[in-house]
Amino acid sequence: MSQFLESSTGISEPVVVIKNYLVPAGEAEHFVEAYRENARIMSAQPGFVRSRLHRPLADEPQARFVHVAEWSSGTDLDQAVANPEWHASVQRMFDDPGLHITSEPASYRVVVELQPSSGAIETLEDLRRHLQWAIELEHSTIPPYLCALYSLDPSRNAEAVQVVGSVLAEEMLHLALAANLLNAVGGEPRLDTPALLPPYPHPLPHGDRSLQIQLVPFGPEALELFLRIEQPATADAPPEADGYETIGQFYAAVEAGIRRLCDELGEDAVFSGDPARQVGEFHLRGGGGTVIPVRDLKSALAALTEITEQGEGAARTDVWDGDRDVFHPDRDEVAHYYRFQELKHGRRYQTGDTPQSGPTGEPIAVDWDAVMPMRPNPRTTDHPEGSDIRVAQERFNTTYCLLLKQLEEAFNGDPARLGATVGTMYQVKAQAQALMTMPLEDGTATAGPTFEYVPPSRRT
């Protein structure tokens, strides 16, 4: 029996850890809970990609489990397994008098990998899976935008607060639109799940893996990240359902899939979801656009257009998104990508400007020093258990997961629950801003929200 990997990998390429566990059948549920706590600690380590615990369908006298964990490199894994908190967690699991575990761990390099021959959306199940990905994609932008927004001093950076806050509000609207699309085709939106809160940094979900989502305070690094996230597709860019280079290409593939399935199956077969599950109102102060209930092809295409034009501009070639500027009603509103360009260049777009010309309008004042020095990609494991910072981060994580739970309930048949999210959003804001005023133990920066998933059983 072995509890830990016997030796380090010593390689820089991606690796997979596979462990076989055997426990008496009556201890299976106890083991899963113990494993979950151990996996939570490991998932917070740099280089962790994902893990799954598998169990055979057939019942046996001894419950067999197979753990599969992917790591971005063997050297990341080597550092992670040396973590004393994880070692203590594993030791507690094996020392538990209520568990009798046999384990065989080993690490492997990938020598053959097969991918689906086509990323096209060809079935309703394909479409539902991709629309759940759309929810994960839209949510992935929210934590980094929140960190940038709440790191800003609003009295000295009012215009930057308006820009980042308006984009954040519209990403929440896009999340609701993605949920409406999934509900319309008979799916079930999932938000209260670890898949929405992988450890940071991590790739944009199902997209270009070189684009790593980070939690950083407002500044040049944050703006470059946001510009990469919102990068418009070129006018001739092909649809890409998986491994997409731009968000616009992903939604172009979703649109193509919806049109194909409507041609093959008919609109009634595609849009079979309960209309009562549609969210009709979801407006956050500071953002433009509207939530569109989706019931047929026409409304589905309108929802997709709302998402893509707010992000990258109309027809992929224009600066403007088709709405009026919330803070300046006399002006047209620029798309997300170009709003971040305005902050980068310190100047607004004006009538006649194009993506090629850049912004040539009036100056925008940005005070790069009026920002809280939040530590990038903070983690609860950076601080001792029971410390003030860790307790505050754990409280924030619980509140944020409550928000995800409320959104999931609202998007799964109870739209009236959206009202409950408003108070929770204010709690998220207050707790995040409080963390950013807490100096780290070494005084080099301040703490920040970690956006780590908290299982329902551990929320208090």
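How are α12 and α13 oriented to each other, roughly parallel or roughly antiparallel? Helix α12 (residues 388–411) and helix α13 (residues 418–435) pack at an angle of about 160°, and they are therefore roughly antiparallel to each other. This is a predicted model, in which local features need pLDDT of at least 70 and side-chain atom pairs count only at pLDDT 80 or more, while totals for chains, interfaces and linings use all residues. Residues are numbered from 1 along each chain as its sequence is written, and side-chain values use heavy atoms, with hydrogens and water left out. Helices (H or I, at least four residues) and strands (E, at least two) are DSSP runs, numbered from the N terminus.

**Helices**

- The axes of α12 and α13 are 9 Å apart where the two helices pack; axes are lines fitted to C-alpha atoms, for helices over the stretch in contact, and angles run from 0 to 180 degrees between N-to-C directions.
- On the scale used for such angles, values under 35 degrees count as roughly parallel, over 145 as roughly antiparallel, 65 to 115 as roughly perpendicular and the rest as oblique.
- The crossing of α12 and α13 is left-handed, a term for the case in which the near helix is turned anticlockwise from the far one by less than a right angle, whereas clockwise is right-handed.
- Sorted by class, the contact of α12 with α13 has 15 nonpolar, 7 polar and 1 charged residues, where Ala, Val, Leu, Ile, Met, Phe, Trp, Tyr, Cys and Pro count as nonpolar, Asp, Glu, Lys and Arg as charged, and the others, Gly among them, as polar.
- Helix α5 (residues 142–151) is mostly covered, with 10 of its 10 residues buried; buried means under 20% relative accessible area, exposed over 50%, and partly exposed in between (1.4 Å probe, protein chains only).
- The buried residues of α5 include Pro143, Pro144, Tyr145, Cys147 and Tyr150.
- Leu137 lies in helix α4 (residues 124–140) and is buried, with a relative accessible area of 1%.
- Although Leu137 and Met372 are 235 residues apart along the chain, their C-alpha atoms are separated by 27 Å.

**The four-stranded sheet**

- An open sheet of 4 strands has the order β2-β3-β1-β4, with antiparallel pairing; two strands pair if DSSP finds at least two bridges between them.
- The edge positions belong to β2 (48–54) and β4 (102–109), each of which has a single partner strand, so one side of each is left without a neighbour in the sheet.
- From one strand to the next, the twist averages 15°.
- Strand β2 is joined to strand β3 (residues 62–71) by 6 bridges in an antiparallel run, and the bridge partner of Arg52 in β3 is Val68.
- Strand β1 (residues 15–24) is joined to β3 by 10 bridges, again antiparallel, and here Val16 has Glu70 of β3 as its bridge partner.
- Between β1 and β4 the antiparallel pairing extends over 8 bridges, with Arg109 in β4 as the bridge partner of Val15.

**Cysteines**

- The structure holds 0 disulfides, a disulfide being a pair of cysteine sulfur atoms within 2.5 Å.
- The sulfur of Cys147 has its closest cysteine sulfur in Cys401, at 14 Å, which is too far for a bond.
- Cys401 is likewise in no disulfide, and its nearest cysteine sulfur is that of Cys147.
- Cys147 is buried, with a relative accessible area of 0%, and Cys401 counts as buried at 0% relative accessibility.

**Backbone features in loops**

- A cis peptide bond joins Tyr200 and Pro201, with omega about -5°, and Pro201 lies in the loop between α6 (158–184) and β5 (202–203).
- His206 lies in the loop between β5 and β6 (212–213); its phi is near 60°, a positive value in a residue other than glycine, and His206 is partly exposed, with a relative accessible area of 30%.
- Asn377, in the loop between α11 (336–345) and α12, has a phi near 45°, again a positive value in a residue other than glycine.
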